[in-house]
Amino acid sequence: MNISATPRFATEPSPGDRVIILGVAESDAHVVANKLIEYELSLSGFSVINLGACTPVEEFVDAFQSHPYADAMVIGSLNGHAYEDLKSIRDAKKDLLISCPIIVGGNLGVTRDQAAKTKEELLSLGVDYVLDDAAALPLLLHQLPRRNTVVAPPE
C-alpha cells in the first residue's frame, strides 16, 4: 500500500527557482521529518516537490522525468531499510532516468556500525551524498551547482 502524497509545490516554480524533489523511502511511513525538511528547504529558498512517505524509486524517477531541471533529490529513511528500498536507484542512474545528485539521510541503522555499512552500500548504488544531520542539508544544497532552470512556457 502506497500512502505517498501527490507531488506538489507550495507555489509552482518560477524560472530561476532551485527545485528539490523530496520524499521518504518506500517502506518508511515517517512523515514528520519529511514535512520539517520541506518547511526548512522552503525557508532556505528552494521550491520543493514533496512526494511524501512510502515512495518507491519509480515515483522518484517519474518526478525527475517531470522536473528534469531539479537541482537534487532528497530521500529520507528512518526505519533502517534505506538500502533495500533504494536498490533500483543504481539502474535509474545508469539509465539516466535520474541525473541530478541524490542525497539520502535519516536513521540508516540501529548501531553505528550498521549505519556506516548502510552508508557505504548506498554510495555503491550511486547515491551522491549520505547525511546523518538534517541541519547540513540546506548548506549542501546551496553548494551544489545549479542545473537547468525552469523555462517559462511560451505565451
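A crossover is called right-handed if, with the strands pointing away from the viewer, the path from the first strand over the helix to the second runs clockwise. With that picture in mind, turn to this predicted model, where strand β1 (residues 18-24), helix α1 (residues 32-43) and strand β2 (residues 46-50) make a right-handed β-α-β unit.

Let's stay with β1 for a moment. It pairs with β2 in the parallel sense over five bridges, and L22 of the one stands opposite N50 of the other. β1 also pairs in the parallel sense with strand β3 (residues 72-77), again over five bridges; here I20 stands opposite A72. Is β1 buried or exposed? Seven of its seven residues are buried, so the strand is largely enclosed by the rest of the structure.

What lies in the interior? In soluble globular proteins, nonpolar side chains tend to be buried together. In this model, the largest nonpolar core has 28 residues, and those touching the most other members are I21, M73, I75, I98 and L122. At least two residues of this core come from each of β1, α2 (57-66), β3, α3 (82-85), α4 (89-94), β4 (102-106) and α5 (112-125). The largest share, five residues, is supplied by α2. There is also a second, separate core of 13 residues, with I20, F46, I103 and L140 among them.

Leaving aside residues up to four places away in sequence, M73 touches I21, F60, F64, I98, C100, P101, I102 and I103.

Two of those contacts, F60 and F64, lead us to helix α2. Its buried residues are V57, F60, V61, A63 and F64. Viewed down the axis of α2, they fall within an arc of 165°, so they line one face of the helix. Among the elements that cover these buried residues are β1, β3, α3 and α4.

A last stop is the cysteines. C100, which M73 touches, has a relative accessibility of 1%; buried means under 20%, so C100 counts as buried. C54 has 9% relative accessibility, and therefore counts as buried too. How many disulfides are there? With a cut-off of 2.5 Å between cysteine sulfur atoms, the count comes to zero.

Definitions and conventions: Residues numbered from 1 in each chain as written. Predicted model: local features only at pLDDT ≥ 70, side-chain atom pairs only at ≥ 80, totals over all residues. Heavy atoms only, no water. Buried < 20%, exposed > 50% of the residue type's maximum accessible area, 1.4 Å probe, protein only. Helix = DSSP H or I, 4+ residues; strand = E, 2+ residues; numbered from the N terminus. Pairing = 2+ DSSP bridges. Core = buried A, V, L, I, M, F, W, Y, C linked by side-chain atoms within 4.5 Å. Contact = heavy atoms within 4.5 Å. Arc of directions from axis to C-beta.
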